[in-house]
Every structure is written in structure tokens, then in C-alpha cells.
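Student: I would like to go through this structure step by step. Can we take it as questions and answers?

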Amino acid sequence: MKKQVNPMLRLGCILLLAGGVVSGVLNLLGPAIVLLGFTSLDNSMYEYAESEMREVTDGLLGAEVALGVIFGVMILLITIFAVMLVIDVAVALLGLRRAGRPEKYGFFLVWGVVLLVIGVFGALYIGISSLNGLAGLVCGVAAPILFLVGAFRQKKLLRDAQPIRQSGAPDRPPGPAI
């Protein structure tokens, strides 16, 4: 079959790559800055956090527990954002290689749905009023929609390229007799 690159899929891959990198880097910066802030805690700040935590929890928990929870949440966020960055880049690069192969429409269909669901939740969580939100919208909503539209066009192109079957002809060659 002649290789024709679907422009919608190519654009979707480029948007996914660009939006994924910008969004991923911006998402990783926030928790990284919080973790760097932990290194600047001096004795007076720690004592203040300790007294506030003891007061709020009626003496049950101190600053060590609160800082431990914050540290754990930041590590979890960094892990999630890094995984999403790797997924966005990998899917975009694989998609660029498959954009000219109509038989690979399923790749774009599956990833389009998965990334659209994640992107809608991300847009609801982050919003779209910041650079991070706009990058997330491009990466998480616009690119997956282009993937879906392009996948259906690839499927139609593949279906139109197949020869027309004669009525009554078997769907596949006969297999071995059992």
C-alpha cells in the first residue's frame, strides 16, 4: 500500500509532543520547588511548624509527620508527572512513525481515547487559565481528538483500499481440515 501520511495524525503527534513536554516540565517544577524548600528550613521555621502542628492536632502529631506527608505527596506527584511525560513523548514519537500506515489506526484509536480521558480530568483539575493549563489542554484534549479523527480516516482509507469481495466468497482462505 502506498504510504500517505495523515496530516491530522502528524499534527496530533506534534501537538502531543510539544504540549506533553511543556506541560510535563511545568508540572515537574512545582513539586521540585517544594522539595527544594525543605532544604531551606532552619531551626526557627521547624519549631514554628512543630508548635502549629501540635496545636492543630491536640499534641498528637508534630512537624516531622506533616513534612513527611508533604514529602511523600511531592514524590508521588513527581512520579506521576514523569510517567505522563514519558508516555506523551513515547506515544508522539511512535505515532509519527505510524501516521503513514493505515493498518495502524488502532494505535491512534486506543491512545486517543486513553489520552482524552486523562486530558479531560487534567483540564478539570488544573484549569486552562495558565500556561500549564493551556499546554495540558493542547496535549490532553486537542491532540487526542486529532488522533481519533485521524484514526477513523485511516480506517476508512484501509477499508477503501481493500478489494471488493464477490458475494458468496469466503472471508478468509480455508484452513486445514479438522
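The questions below go from the whole chain down to single residues.

Student: How many helices and how many strands does the protein chain have?
Tutor: This is a predicted model. From the N terminus on, the elements of the protein chain run α-α-α-α-α. The secondary structure therefore comes to five helices and zero strands.

Student: Where in the protein chain is confidence highest, and where is it lowest?
Tutor: The average pLDDT of the protein chain is 84, and 90% of the residues score at least 70. Confidence is highest in helix H3 (residues 63-98), at 90. The lowest mean, 85, belongs to H2.

Student: What share of the residues in the protein chain is buried?
Tutor: A residue counts as buried if its relative accessible area is under 20%. The accessible surface of the protein chain is about 11600 Å², and 70% of that belongs to carbon and sulfur atoms. Of the 178 residues, the buried share is 25%.

Student: Which share of the contacts with a separation of 6 or more joins residues 24 or more positions apart?
Tutor: Contact means that heavy atoms lie within 4.5 Å. Among contacts in the protein chain with a separation of 6 or more, those between residues 24 or more positions apart account for 78%.

Student: What span is expected for helix H5, and what does H5 reach?
Tutor: Helix H5 covers residues 131-161, which is 31 residues. At 1.5 Å a residue, the expected span is 45 Å. From the first C-alpha to the last, H5 comes close to that, reaching 43 Å.

Student: On which residue is the kink in H5 centred?
Tutor: The bend is the angle between axes fitted to the seven residues ending at a residue and the seven starting there. In H5 there is a kink of about 30°. The kink is centred on Val138.

Student: How many aromatic pairs are there, and which residues do the ring pairs link into a cluster?
Tutor: The count comes to two aromatic pairs. Phe107 and Phe108 form one of them, with 5.1 Å centre to centre and 90° between the planes, so the pair is edge-to-face. Phe108 and Phe147 also pair edge-to-face, at 5.2 Å and 90°. The cluster linked by ring pairs is Phe107, Phe108 and Phe147.

Student: Is Ser23 buried or exposed, and which residues does Ser23 touch?
Tutor: Ser23 lies in helix H1 (residues 7-39). Its relative accessibility is 9%, so Ser23 counts as buried. Leaving out residues up to four places away in sequence, Ser23 touches Asn132, Ala135 and Gly136.

Student: What separates the C-alpha atoms of Ser51 and Gly62?
Tutor: Ser51 is found in helix H2 (residues 43-56). With a relative accessible area of 39%, Ser51 is partly exposed. Gly62 is 11 residues away along the chain, and the two C-alpha atoms are separated by 7.5 Å.

Student: What separates the C-alpha atoms of Ile80 and Leu28?
Tutor: Ile80 lies in helix H3. Its relative accessibility is 42%, so Ile80 counts as partly exposed. Ile80 and Leu28 are 52 residues apart along the chain, and their C-alpha atoms are separated by 9.3 Å.

How values were computed: Residues are numbered from 1 along each chain as its sequence is written. This is a predicted model: local features need pLDDT of at least 70, side-chain atom pairs count only at pLDDT 80 or more; totals for chains, interfaces and linings use all residues. Side-chain values use heavy atoms; hydrogens and water are left out. Helices (H or I, at least four residues) and strands (E, at least two) are DSSP runs, numbered from the N terminus. The expected span of a helix is 1.5 Å times one less than its number of residues. Buried means under 20% relative accessible area, exposed over 50%, partly exposed in between (1.4 Å probe, protein chains only). Accessible areas come from the Shrake-Rupley method with a 1.4 Å probe; for residues, only the protein chains shown count as cover. pLDDT is the predictor's confidence in each residue, from 0 to 100. Rings of Phe, Tyr and Trp (its six-membered ring) pair if their centres lie within 6.5 Å; planes under 30 degrees apart count as stacked, over 60 as edge-to-face and the rest as tilted.
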